[in-house]
Amino acid sequence: MNIINKTAKISAALLTGNEAIAAGAYKAGVHVATGYPGTPSSEILPYLARFNNTIVNWSINEKTALEIAIGASIGYKRSMFTTKHVGLNVASDPLMTLAITGVRGGIVIVTADDPAMHSSQNEQDNRFYSKFAKVPMFEPSDSNECFEFTYEAFEISERFDTPVIIRTTTRISHSKSIVHIEPAYLPNMNSNLENKKFLPKKKPYIKDIEKFVMAPVYARKRHKIAIERLKKLQEFSNNSGINKIEYNSLDFGAITSGISYQYVKEIAPFASVLKLPFSYPLPDLLVKEFVKRVKSVIIVEELEPFIQNEISSIGINLMGKEFFNRFGELTPDMVKEGLISAGFIKKYDNKSSGKLQGKGGLSKLDSLLEKLPQRLPALCSGCPHTSVFYALKKLRVPVMGDIGCYTLGALPPLNAMDSCISMGLAFGAAQGLSLSNSSPKKIAGIMGDSTFFHSGITSLIDAKYNNACFTAIILDNSTTAMTGGQDHPGTGKNLSPGKVVSNKIDIKRVVEGIGIDEIYIIDPYNYNVVYKTLKKALSSKNLNVIITKRPCILYPVKIDLGKKFKILEGCNGCNLCMQIGCPSILNSDNFLDNNKPIPFIDSSCIGCSICKDICVFNFIEEIKS
Ligand code: SF4
Ligand code: SF4
């Protein structure tokens, strides 16, 4: 965070969208904030944890996180739940009913979508959740709007008795832009500030079963209330001034929201724009006014035709998705090309920002990427998961995988994972595969420690309950590595030190508690033990669990074991060591007589010694100083 001017009453601070959301929530007096890490949402809670007077915690999964937020709201406190897009699927059960109970303290749900799947298994457009649940939604276009609309979302939540969704995308969450903010709402500058904006005066707890017990008799009434609420929200959407028309040329106009608004302003600064930061419910009257005054109107939005469908539902058919992809991110070049194809701007219109770059529909970025050599992502040098995947590959068993860094075990050269579909799927899928007619006898399911806590526990209980037989592998590296090293129940730490005491949950004791007797705990840096243990466990007639224990080499601190390994002269070029995919082992420019390249180990080696065990010819050894 860069503070550009901290002396004025209003500072100009350079914040990411995620930081600005945290600051907005703090300004609104959020009391409890929960979530599960997931790119691109992960930075919101750690930033919020830097403020005083707020309880900020990682939860075991998104469903539990939202449930905690709901409980705090029932206790009259403002609460916030943050997630990446797929996490809202996990929390959708409480969301759909929260939508009809409404709230006491305001509830804001932040969903950070990931168009182009930079770090996700799918590309869903979570704007549909607002319509599905009948709850209002904000789509900020920059960090300042993230700050202002988060504050506003809490106000609206209480005013209309509804949870409010803030939907961002990767570009909004991770890009920095100027936020006009009171210094008191920046971390480390507010130690004496008691945020009293929403501190309910110790309200006595009041039971209200008609509002919060959704038995059919009450749920039917609440559903009608939620539908009535939508009408009031639509009125607000039309009249609050949050959605607004920026008139310019009356020949050409665009209706847009989120990051697409920035691209439209860059590419077609001469156009009139109907900007929809409060995109659900649709401001129908504003749309009608806009299309009445502006001759040609197009809808510019990323991913699905959400706004287009809403506008068409009020009987207005406009162009939109015919000219823009329904997948991936939009870029300024793509917006430009879409507007040219739709006939809204001429190919080399000098009022727009320069000539169209790329050829045949390729954006500037795509053209550059085309020229770069392809490189697959790989596990880190010394990653403790390496030996497990190499052994699984050798054992040739089907491996039901999961979501985490270790998904990279599916890629060459390891090629040791057969599925990766959703969080916590591995053990359920392993049980299912074992029930299929085509199932081989030996099957493995594999997931990390954070994923095990998130949603692996339940499927392991199910496997025991239903007498399944497979090997469940839990890669315990004591962190949530893929999203940047967040804590979880197995680490015994959380985000608000001193405010909430965390207890460390022992995975082995959880597994024992399920009633599984065959448990192996091994060090993944000992490849021979890994291989032998896997072989034994896979041959067992019982459901069994292998827990590999070694900290991630990046989080919470970067590990270097202080050793370096080298490949000795005489190496026969068999290529075995290259098969573990350690980025420190590379092919040199030297070749043997039989044309096989001779590998070498570069200085990025952290000294895990896995490759030493892999080279059965003993041509790898530690460098002695
Ligand atoms: S010891 Fe071998 S496997 Fe481990 S980091 Fe070094 S080169 Fe990679
Ligand atoms: S495994 Fe051993 S013999 Fe084979 S290429 Fe690597 S160092 Fe050389």
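This is a predicted model: local features need pLDDT of at least 70, side-chain atom pairs count only at pLDDT 80 or more; totals for chains, interfaces and linings use all residues.

Which residues come nearest to ligand 2? I noted Cys571, Cys574, Leu576, Cys577 and Cys615, out of 13 residues around ligand 2; I count a residue as near if its C-beta atom, placed from the backbone, lies within 6 Å. By class, I got 10 nonpolar, three polar and no charged residues in that shell (nonpolar is Ala, Val, Leu, Ile, Met, Phe, Trp, Tyr, Cys and Pro; charged is Asp, Glu, Lys and Arg; the others, Gly among them, are polar).

Residues are numbered from 1 along each chain as its sequence is written, with chains lettered from A and ligands numbered from 1 in the order in which they are written.

Next, I looked up domains, with bounds from an automatic or database assignment. The chain splits into domain 1 (2-237), domain 2 (241-371), domain 3 (386-549) and domain 4 (565-622). For domains 3 and 4, I have C-alpha centres 29 Å apart. Their contact (C-beta atoms, placed from the backbone, within 7 Å) takes eight residues from domain 3 and 10 residues from domain 4. On the domain 3 side, α16 (386-395) gives the most, with three residues; helices are DSSP runs of H or I, at least four residues, numbered from the N terminus. I sorted that side into five nonpolar, three polar and no charged residues.

Last entry: just after α7, I found Asp161 with a positive phi of about 55°.

Conventions
Two residues are in contact if their C-beta atoms, placed from the backbone, lie within 7 Å. Helices (H or I, at least four residues) and strands (E, at least two) are DSSP runs, numbered from the N terminus.
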